[in-house]
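The exercises below ask you to work from the sequence and the coordinates, and each is followed by a solution in steps. Try each task before reading on.

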Amino acid sequence: MYTPNPQSEFRVKFDFRVDFTNGGYVEGREFLLDLEGDAVSDEELKEMIVESMNLAKAGEVQIFKKEIVRRGEHQDAAG
């Protein structure tokens, strides 16, 4: 289960699209999620996206771009 951690050293920055099983979709660009380490697989990230946004009717999840960044060393720079 994904749990945000504002003290984490690493974050994943990514673009994504989630299609819903009942129609429609949601997209995100340069979205950030906290990581417990310095790596995340695409499958783990897909689960994290659905859990962090509480997307009960999520179907296919696509990741278009993924980058691991250190907290504070990217454009967001907050935290």
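**Exercise 1.** Decide whether F31 is buried, exposed or partly exposed, and then find its aromatic partner.

*Solution.* F31 has a relative accessibility of 27% and therefore counts as partly exposed, since buried means under 20% relative accessible area, exposed over 50%, and partly exposed in between (1.4 Å probe, protein chains only). The model is predicted, so local features need pLDDT of at least 70 and side-chain atom pairs pLDDT 80 or more, while totals for chains, interfaces and linings use all residues. Residues are numbered from 1 along each chain as its sequence is written, and side-chain values use heavy atoms, with hydrogens and water left out.

Next, turn to F16, which is buried with a relative accessible area of 2%. F16 and F31 form an edge-to-face aromatic pair, 5.4 Å centre to centre with 75° between the planes; rings of Phe, Tyr and Trp (its six-membered ring) pair if their centres lie within 6.5 Å, and planes under 30 degrees apart count as stacked, over 60 as edge-to-face and the rest as tilted. This pair links distant parts of the chain, with F16 in strand 1 and F31 in strand 2, 15 residues apart; helices (H or I, at least four residues) and strands (E, at least two) are DSSP runs, numbered from the N terminus.

**Exercise 2.** Which residues of helix 1 are buried, and why do they line one face?

*Solution.* The buried residues of helix 1 are L45, M48 and I49. Seen down the helix axis, they fall within an arc of 100° (taken from the directions from the axis to the C-beta atoms), so they line one face of helix 1. On the other side of helix 1, E43 and E47 are exposed. Finally, the cover over the buried residues of helix 1 includes strand 1 (10-20), strand 2 (25-35) and strand 3 (58-70), where contact means heavy atoms within 4.5 Å.
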